[in-house]
Amino acid sequence: KAFRLERAISARLHDAGPLLTWLTVPIFRLLSWTNSLREPPRSGRLARIVDSKLFGLLCFVVIALNAFFIIITTDMEMASHESLPKYLALVEAALVAWYIVELVLKMLVHRIHFLVGHDAP
């Protein structure tokens, strides 16, 4: 399937010139290979935590709170034209810290499959 797509694209690119074909065919091969990767089943305490529904719900709640926070702080900034209070900077730093922790945990569990493969985001 992927090779048919590669042949069809390279046939169309052939008219554009050999340099473009030479550049794009390896890219399509790499994309095809990364899409064919399948993540092995993960086990262990960290994998159970990261793949749990509770962790997913917590991530969703933090994203929703962050969206609400952005709306509130933008409204406050537009209304007062002053810098925001220090406690709001702390809230923002806490949200960024959470996103970093989430990213590190997911990368520890899923490794390269977090970035490439069939189930990559």
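Reply: Helices here are DSSP runs of at least four residues, numbered from the N terminus. On that basis, the elements of the chain run α-α-α-α-α from the N terminus on. The model is a predicted one.

Me: How many helices and how many strands does the chain have?

Reply: There are five helices and zero strands. Of the 121 residues in the chain, 21% are buried.

Me: Why is H110 called buried?

Reply: A residue counts as buried when its relative accessible area is under 20%. H110 has a relative accessibility of 15%, and therefore counts as buried. H110 has its place in helix α5.

Me: Which residues does H110 touch, apart from those up to four places away in sequence?

Reply: With those sequence neighbours left out, H110 touches E39, R42, V50 and D51.

Me: What makes the pairing of the H110 and D51 side chains a polar contact?

Reply: The cut-off for a pair of N or O atoms is 3.5 Å, and one atom must be able to donate a hydrogen and the other to accept it. The side chains of H110 and D51 are joined by a polar contact of 3.3 Å, a value within the 3.5 Å limit.

Me: Is L115 buried or exposed, and how do you know?

Reply: The term exposed requires a relative accessible area over 50%. L115 has 55%, so L115 is exposed. L115 lies in the segment after α5, which spans residues 86–110. The C-alpha atoms of L115 and T34 are 9.3 Å apart, although 81 residues separate the two along the chain.

Me: Why are α4 and α5 called roughly antiparallel?

Reply: An angle over 145 degrees counts as roughly antiparallel. Helix α4, residues 53–80, packs with α5 at an angle of about 150°, and their axes are 11 Å apart. The two helices are therefore roughly antiparallel to each other. The crossing of α4 past α5 is left-handed.

Me: Which residues make the contact between α4 and α5?

Reply: From α4 come F55, L58, C59, V62, I63, N66, F69, T73 and M76, and from α5 come L88, V91, E92, L95, W98, Y99, E102, L105 and K106. These residues divide into 13 nonpolar, two polar and three charged.

Me: What share of the contacts with a separation of 6 or more lies between residues 24 or more positions apart?

Reply: Residues 24 or more positions apart account for 63% of those contacts in the chain.

Definitions and conventions:
Residues are numbered from 1 along each chain as its sequence is written. This is a predicted model: local features need pLDDT of at least 70, side-chain atom pairs count only at pLDDT 80 or more; totals for chains, interfaces and linings use all residues. Side-chain values use heavy atoms; hydrogens and water are left out. Buried means under 20% relative accessible area, exposed over 50%, partly exposed in between (1.4 Å probe, protein chains only). Contact means heavy atoms within 4.5 Å. Axes are lines fitted to C-alpha atoms, for helices over the stretch in contact, and angles run from 0 to 180 degrees between N-to-C directions. Angles under 35 degrees count as roughly parallel, over 145 as roughly antiparallel, 65 to 115 as roughly perpendicular and the rest as oblique. A crossing is left-handed if the near helix is turned anticlockwise from the far one by less than a right angle, and right-handed if clockwise. Ala, Val, Leu, Ile, Met, Phe, Trp, Tyr, Cys and Pro count as nonpolar, Asp, Glu, Lys and Arg as charged, and the others, Gly among them, as polar.
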